[in-house]
Protein chains: 2
Amino acid sequence: MRKIKIIGCGAALPDHIVKFGDQTRYRMTEEQNLLDLVEKAVKEALSDSGLSIEKIDLILGGTATPLQAIPCNAALLHERIAKGLSIPAFDVNSSCTSFITAFDMASYLIDSGNYRNILIFSGDTASAALNPKQRESYELFSDTAVAFVVTACDGESGVINSKQCTFSEGVHDTEIRGGCGLMTAFKMTEANRDDYYFDMKGSRVLKLAAKKIPAFLNDFLEETGIAMEDIDMIIPHQASKALGLIMKRLGVPEDKYFDRVKDWGNMISAGIPMALYACIREGRIKRGNKIALFGTAAGLTINILYMIY
Amino acid sequence: MRKIKIIGCGAALPDHIVKFGDQTRYRMTEEQNLLDLVEKAVKEALSDSGLSIEKIDLILGGTATPLQAIPCNAALLHERIAKGLSIPAFDVNSSCTSFITAFDMASYLIDSGNYRNILIFSGDTASAALNPKQRESYELFSDTAVAFVVTACDGESGVINSKQCTFSEGVHDTEIRGGCGLMTAFKMTEANRDDYYFDMKGSRVLKLAAKKIPAFLNDFLEETGIAMEDIDMIIPHQASKALGLIMKRLGVPEDKYFDRVKDWGNMISAGIPMALYACIREGRIKRGNKIALFGTAAGLTINILYMIY
């Protein structure tokens with residue numbers, strides 16, 4: 001086990017609330033940007049941890065989308081929360097499951113003894129790229145930021161096992177083709193404008209995920225000797241309204257996973273840490289509980305991290 | 001020491017060669033994109049290593065700029081080199097020093113015993129965002145891709161120490177403000193068009209780097225007990241023509257560092273691995289040599305990794 005303990009968490013939702021039928025979504029106003037939300041989440045997480053920013057050894061971004069093409073998101077956040085300090089800052093990106101990958105990397109760094117306290121943040125500007133013409137995705141996503149402080153520990157908390165797979169037969173099912181290196185902003189025309197929006201082929205994603213997830217989970221349980229019953233709480237990416245259906249097919253009882261898609265929608269990289277944050281704040285998980293962070297991401301990537309909280 | 005051994009490397013330069021006085025630069029043609037170059041570099045690296053792609057446990061991007069806002073670069077490469085396989089794929093980003101950060105992360109993963117063979121790639125589409133009006137940067141950068149295969153080892157190769165610091169007082173000295181989350185492609189106008197180009201305040205970057213590098217290196221040498229004379233070869237980011245000047249100020253003799261800025265320019269995240277690739281291919285470093293990968297990145301980030309090749 002890679003010893004690592006969560007000692008602080010914070011989350012920030014933007015001011016603008018949108019309703020689509022019984023579904024609630026959160027979107028930033030024109031005056032807000034993601035760094036405002038991340039800064040707020042970080043302040044809550046640091047306060048919660050009892051640590052000042054000076055005690056942080058690494059600022060680790062676990063985000064899906066870039067705020068700028070250069071520099072990385074963590075450096076942009078550094079200016080907001082650590083200007084004048086020399087704390088290293090970099091990003092880890094596995095799209096929607098970036099928080100899992102970043103948390104996993106943090107567990108290796110802390111377990112090595114070379115790092116003690118790491119600040120991980122997630123969040124994306126979903127609303128910046130939603131296409132009003134693609135109703136399924138336009139009505140699904142929310143803007144959010146979440147931050148966690150993790151630390152070295154002598155107790156029982158830590159990452160027991162993790163597994164990530166990428167199946168690139170689904171790489172074009174969830175993407176934003178334009179705006180970056182392959183198709184720059186300068187190349188936008190009236191004809192290709194839709195390429196600069198988020199594009200999700202929902203039924204294809206769902207089909208590939210439904211095909212790959214059962215074998216992925218079976219392999220994970222087999223390789224690690226974990227039984228599904230050992231897991232006290234599954235904290236999944238709040239990908240879509242199909243979450244309940246997928247969990248049912250996997251045989252996970254309703255009280256063993258967290259589902260708030262109706263209230264929050266898909267928060268991209270903030271989806272999993274926001275669910276973890278809520279589980280902690282609402283007392284749905286307690287110290288010593290065995291939890292699994294789990295999700296699918298554009299790629300198609302499937303990611304799981306099994307830990308003692 | 002985190003045991004890790006380089007067993008394969010590859011590099012790919014684009015077809016279009018540009019001359020600015022005595023300086024040579026490489027730029028992609030309209031028909032090429034970065035994935036073409038990365039794919040070529042990966043094939044050379046895999047062939048060099050004697051491993052087939054099926055033996056790779058992780059495809060790790062160490063790139064500065066996104067090819068698409070979604071998904072990550074490693075997933076896009078996965079489609080080119082590993083379609084049909086389930087190899088995990090994600091990116092690590094510390095701007096120009098992303099290769100150092102990715103290599104460092106790989107050393108933790110391999111040293112843990114959980115990963116055996118990791119493919120690391122770097123490269124950026126510099127030419128996509130160069131502003132003809134900003135001559136200093138327009139004439140400095142090249143497009144390149146580089147790939148390395150690293151593996152677990154029982155011998156003497158490995159990472160002895162590494163250190164990274166970010167000084168965000170320089171975060172806006174090197175940036176591309178437009179195209180991503182903070183300023184999307186949809187917001188481009190004739191008035192703000194320059195914000196979508198790469199923007200480098202060269203003299204500010206140099207001033208901050210010159211101020212921070214000596215103390216950073218002194219701290220590193222002091223913390224680790226390494227003497228400058230212990231390092232057989234410094235392999236620096238080929239940031240600018242000032243490289244020689246900075247090395248001279250640090251007291252590094254000419255035969256102890258690698259400088260090919262004149263022939264290649266600044267290759268962004270590919271700069272350091274391309275220099276490492278050349279040192280290996282040209283026999284400038286040999287097994288058992290102690291080498292230091294070193295560089296500055298947008299952030300401002302300073303990064304060093306000291307290893308036995």
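Predicted model: local features only at pLDDT ≥ 70, side-chain atom pairs only at ≥ 80, totals over all residues.
Visitor: How many residues does each chain put into the contact between A and B?
Guide: Chain A gives 62 residues and chain B gives 62 residues.

Visitor: Which elements of chain A supply that side?
Guide: Helix 2 (73-81), strand 6 (89-93), helix 3 (98-111), strand 9 (158-166) and strand 10 (174-175) each supply at least two residues. Strand 6 of chain A gives the most, with five residues.

Visitor: And what classes of residue are on the side of chain A that touches chain B?
Guide: There are 33 nonpolar, 22 polar and seven charged residues.

Visitor: Back to strand 6 of chain A. What does it pair with in chain B, parallel or antiparallel?
Guide: Strand 6 of chain A pairs with strand 6 (residues 89-93) of chain B. The sense is antiparallel, over three bridges. Asn93(A) has Asp91(B) as its bridge partner there.

Visitor: New topic. Where is Gly299(B)?
Guide: Gly299(B) sits in the loop between strand 13 (290-297) and strand 14 (301-308) of chain B.

Visitor: Why does Gly299(B) count as buried?
Guide: Because 32 other C-beta atoms lie within 10 Å of Gly299(B), and the cut-off for buried is 20 or more.

Visitor: Which residues is it in contact with, beyond its neighbours within four places in sequence?
Guide: From chain A, Gly299(B) is in contact with Pro71(A), Ala75(A) and Ala89(A). From chain B, the list is Ser95(B), Thr166(B), Ser168(B), Gly170(B) and Val171(B). The C-alpha atoms of Gly299(B) and Thr174(B) are separated by 7.5 Å, with the two residues 125 apart along the chain.

Visitor: What about the largest nonpolar core? Which residues touch the most other members?
Guide: Ile120(A), Ile120(B) and Ala147(B), out of 194 residues. Leaving aside neighbours within four places in sequence, the contacts of Ile120(B) include Leu60(B), Phe99(B), Phe103(B), Ala147(B) and Val150(B).

Visitor: Strand 12 of chain A: which residues are buried on each side?
Guide: Met233(A) and Ile235(A) are buried on one side, Ile234(A) and Pro236(A) on the other. In a regular strand, side chains alternate between the two faces of the sheet. Strand 12 of chain A also pairs with strand 13 (residues 290-297) of chain A, parallel, over four bridges. Pro236(A) has Phe294(A) as its bridge partner.

Visitor: Last one. What are the domains of chain A?
Guide: The assignment gives domain 1 (2-155) and domain 2 (160-308). Their C-alpha centres lie 16 Å apart. The contact takes 37 residues from domain 1 and 36 residues from domain 2.

Visitor: Which element of domain 1 gives the most to that side?
Guide: Helix 3 of chain A, with six residues.

Note on methods
Residues numbered from 1 in each chain as written. Chains lettered and ligands numbered in written order. Contact = placed C-beta atoms within 7 Å. Nonpolar A, V, L, I, M, F, W, Y, C, P; charged D, E, K, R; others polar. Pairing = 2+ DSSP bridges. Buried ≥ 20, exposed ≤ 12 C-beta atoms within 10 Å, placed from the backbone. Core = buried A, V, L, I, M, F, W, Y, C linked by C-beta atoms within 7 Å. Domains from an automatic or database assignment.
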